[in-house]
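The paragraphs below are meant to be read with the coordinates open beside them.

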Amino acid sequence: MMRYRSYLLTFLSACIVFGSWEIAGRIPVSYAFPTFLETIAAFWTLLKNGTMFVAYFETLKPLVVGVLISSFVGVGIGLAIGLSRMSDWLLSPIFVVMQTAPLAALIPLLVMIYGIGLTSKVAVVIIMAMPVIVLNTGGAVRNTPVSIVEMAQSFLGTRRDVIFKIILPAASPIIFAGLRLGVSAGFIGAILAELKITPTGVGDIITYSRSIADYPSMYAAIMSIILLAVIFLNVLERIENFLFKGAKHVYASD
Amino acid sequence: MRFFSKQFGVVFASLLLVVVMFAGNAHAAKIRIALAETPSDEVGAFFLALDRAKAMGLDYEWTAFADEELAIQAVLGGQMDIGFGTPYAAMQRSKAPVRIIFQLSKLKFFPVSSKKYSSLKDLNGAPIMLHSRAGGTDSIANVIEDRVGIKFGQRSYVPGSQNRIVALMAGQTDLTIVDLANKNKLIEQTGDKFNVLPMFEVDASDEALFANINWIKANANDVDIFVKALLSVYQDMIKDPTIIRRETNPDGPIGQLPKEVLAGMDGFYADAVAGGLYDPNGGGKKAALADMDWYSKAGQLTGDPASLKIEDFWYMDPLNRAMK
């Protein structure tokens, strides 16, 4: 029953959102705002004629490269920050600055340095994704309960044992939370780069449809990104649950 | 008791806010203008017209949008009254009741290339760098293909004429299409290292003034003042391009631009007038016909160009009254 309840609630919230969208489109709130059904029809057309797949092939390049770099390097730097005070002092400020920097305003600078190709798009994804991964990992590692670290040490565990058998497993839920946040920030970065640097992939569908006033296609492209991000985050959550059984969410009301 | 007084305070404050908002709306007789870019020397003539309109009793406020599409959407959504741009696709596809009332500038763009090419005929198969898919320069490329009987190679897109000029000078592309100001800059900076390819005459609009037809009819008086002011500035400017700089309000958004920009304004308007960027009669029927032909070829308008009706895109009354 519990299981069904969660699906039912998800379905209900989707109905409310899409229903309001349909109504807003039918009023219409603006001539530039299509209804939900028009958008779904445009989405289907884009899927059927293959435009969407070609576009995602382009968009996923900077996204995948950027997210992979951010994840591996980010978790590594985060570990260093969490384990050593020196690295914390040295590196944390950079990521705090990166996280708060108004990225859209910095894009001309990135273009000046990296040009208009893939590199600057990857850079945008990294700037969006990496800080949250690094800072979450650093915080999680630093907050490992002292008692279990002391326990490992009293069992004569080496430093390596302490890191890999105690600290990393203890920090993993927050590291994964950071990864999830980082990946969704990466999605934002990839689209931002495509809208602000050169229109390719999904960013191109958005700008092109807007130019020719094909608003349903424009919203279909935007919706597809959200959909993909949600699916990807769900997969990441499954992986997390699979790797670290027992860390399942428990709700206070259950 | 304290709890109630706090609640009462919140309710009272909200009521006050609502009253203030309504009062604000009641006084909102100002016309709201959506600019497609931040004020620059290129909209000097437009701001001069605004100054003249103000002297004739027009009350206005303007908002600069990051790009033309946003300005168009703001007018479609009713947040703005009058906008900058060429919303032909929006007029046809979304059936939005917006109409163009004045042509602000023509699509004067220039194919520039490295020494590899010297005429439009050489461009068959040549890769070209343009502003954006379905944008103005993309439509120019389509029409060049159509008229000259060639087919460009791969098209890549880099927004902003100034960025494409940089790419051309850096050798990242051999061929692009840029606006008048950037073409002149290229010639000025590099002399004869690059070619400006001879281009045919274009009468279609690059920027036009448009608004919701119902709003235009309801505010006919304001619109008449505005169009009259624009027409007078355009006619004066074509006689003497230096008038824009001389008459620009030194405290206005254009007058506050850096000195170097202001110093270049006479040159810019002299070149623009000589290059035929502005129509002394606000475009009118000639521009409407040219636009329908152009934007059909460019792919923004669909259907048989002969079946398109001027009334579906232009509303001529204010311009006709101003011409009298």
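At what angle do helix H3 (residues 51-83) of chain A and helix H4 (residues 85-100) of chain A pack, and how far apart are their axes? In this predicted model, the two helices pack at an angle of about 135°, and their axes lie 6 Å apart. Angles over 145 degrees would count as roughly antiparallel and those from 65 to 115 as roughly perpendicular, and H3(A) and H4(A) are therefore oblique to each other. On the side of H3(A), the contact is made by A:Ile77, A:Ala80 and A:Ile81, while H4(A) contributes A:Ser87, A:Asp88, A:Leu91 and A:Ser92. Sorted by class, this contact of H3(A) with H4(A) has four nonpolar, two polar and one charged residues.

Taken along the principal axes, the C-alpha atoms of chain A fill a box of roughly 70 × 55 × 30 Å.

Two of the loops in chain A hold backbone details that can be checked by eye. In the loop between helix H1 (2-26) and H2 of chain A one finds A:Pro28, and the peptide bond that leads from A:Ile27 to A:Pro28 is cis, with omega near -15°. Further along, A:Leu156 is placed in the loop between helix H7 (146-154) and helix H8 (159-196) of chain A, and this residue has a positive phi of about 65° although it is not a glycine.

How confident is the prediction for chain A, as a mean pLDDT? The mean for chain A is 90, with 95% of its residues at 70 or more. Within chain A, confidence is highest in helix H2 (residues 36-48), at 96, and lowest in helix H5 (residues 103-114), at a mean of 85.

Chain B brings in a sheet. Five strands of chain B form an open sheet in the order E2-E1-E3-E10-E4, with mixed pairing. Its edge strands, each of which pairs on one side only, are E2 and strand E4 (98-106) of chain B, and from one strand to the next the twist averages 20°. Within this sheet, strand E1 (residues 31-35) of chain B and strand E2 (residues 60-64) of chain B run parallel and are joined by five bridges. Among the residues involved, B:Ala34 has B:Thr63 in E2(B) as its bridge partner, and B:Leu35 stands opposite B:Ala64 in E2(B). To pass from E1(B) to E2(B), the chain crosses through helix H2 (residues 44-55) of chain B, and this β-α-β crossover is right-handed. Another helix, H3 (residues 68-76) of chain B, lies across E1, strand E3 (82-85), E4 and strand E10 (205-212) of chain B, and it runs at about 150° to E3(B).

The mean pLDDT of chain B is 87, and 91% of its residues reach 70 or more. Over which residues of chain B does pLDDT stay under 50? This stretch covers residues 18-28 of chain B, for which the model has zero contacts beyond four places in sequence.

Finally, the two chains can be considered together. Between them, 15 residues of chain A are in contact with 16 residues of chain B. By class, the side of chain A that touches chain B has eight nonpolar, four polar and three charged residues. For the model, the scores are ipTM 0.74 and pTM 0.80.

Conventions: Residues numbered from 1 in each chain as written. Chains lettered and ligands numbered in written order. Predicted model: local features only at pLDDT ≥ 70, side-chain atom pairs only at ≥ 80, totals over all residues. Contact = placed C-beta atoms within 7 Å. Nonpolar A, V, L, I, M, F, W, Y, C, P; charged D, E, K, R; others polar. Pairing = 2+ DSSP bridges. Helix = DSSP H or I, 4+ residues; strand = E, 2+ residues; numbered from the N terminus. Right-handed = clockwise from strand over helix to strand, strands pointing away. pLDDT = per-residue confidence, 0-100. Axes fitted to C-alpha atoms, helices over the stretch in contact; angles between N-to-C directions. Parallel < 35°, antiparallel > 145°, perpendicular 65-115°, else oblique.
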